[in-house]
Amino acid sequence: MEHEPRELRIAGVTAFSTVDWPGMMAATVFLQGCPWDCFYCHNPALIDPRAAGVLSWADVTDLLCDRIGLLDAVVFSGGEPTMQRGLIPAMKMARALGFEVGLHTAGPYPSLLAKALPFVDWVGLDIKATRQEYTGVTGRARSGDNAWRSLELVLAHSLLRAGTKRPLDYEVRTTVHPAAIDDAGLRELGCRLAEAGVESWAVQRFRDTGTRSPLPRVDADGSALRLDDLPAELFASFSIR
Ligand code: SF4
């Protein structure tokens, strides 16, 4: 069955962002629904996969058409964008309008991600933990297998397309919350990512804006982690936000 962008359930749009794809001026489209239930989710209203959208794709294209020449890119975010079958047609349409395409994903659906990657120019991929530690963060069995398989796919595509007209760029991101990981665990995760071939890693301190309550009791909002012994030297690009 052929899917169409108008099937998308869109929870919101940011008309102008310089942070959702670092270095690019982008509009960000937030898609409803996520199969996981991370305890620190900063946007829990977007988790429910049955919830209706609040904007139509026509609303988004109107906005994009007004910004041709002003914006570089469209970033599809969520929730989990790969959950919706209208994603790829929407990406194709964004490209047809002349925009680069960015994707935020946590990688829960490797097979769907594989189909989307040919239409993506940049991926912000959440890798939340080592494969074995995932369920404690997402609340879902096998989430680690899917996320790390998605990482393999992103890295393979970036190598495959290196030097082509449309290379695939990416950033692996890890949100750190002291109830999910400690400094030693984060260092171990960094080493595993480097072993896998990751060259760009961003560590993001947890922020409690928009999260559910109560969160697991922790000493502070992420400051309990020192983040001073991370293997930055293993990455071509490394940042702490
Ligand atoms: S994967 Fe992202 S959107 Fe989904 S529950 Fe986790 S933090 Fe929230």
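View 1. Thr14 stands opposite Thr28 in β2. The model is predicted; local features need pLDDT of at least 70, side-chain atom pairs count only at pLDDT 80 or more, and totals for chains, interfaces and linings use all residues. Residues are numbered from 1 along each chain as its sequence is written, and side-chain values use heavy atoms, without hydrogens and water. β1 and β2 (residues 26–31) run antiparallel and are joined by five bridges. Strands are DSSP runs (E, at least two residues), numbered from the N terminus, and two strands pair if DSSP finds at least two bridges between them.

**View 2. The open sheet.** Eight strands with mixed pairing follow the order β1-β2-β3-β4-β5-β6-β7-β8.

**View 3. The residues around the ligand.** Around the ligand (a heavy atom within 4 Å) are Cys34, Trp36, Asp37, Cys38, Cys41, Ile47, Gly79, Ala106 and Lys128. This shell divides into six nonpolar, one polar and two charged residues, where Cys, Trp, Ile and Ala are among those counted as nonpolar, Asp and Lys among the charged, and Gly among the polar.

**View 4. A stacked aromatic pair.** The rings of Trp57 and Phe76 are stacked, 6.2 Å centre to centre with 25° between the planes. Rings of Phe, Tyr and Trp (its six-membered ring) pair if their centres lie within 6.5 Å; planes under 30 degrees apart count as stacked, over 60 as edge-to-face and the rest as tilted. The whole structure holds eight aromatic pairs. Trp57 lies in helix α1 (residues 57–66) and Phe76 in strand β3 (residues 73–77), 19 residues apart; a helix is a DSSP run (H or I) of at least four residues.
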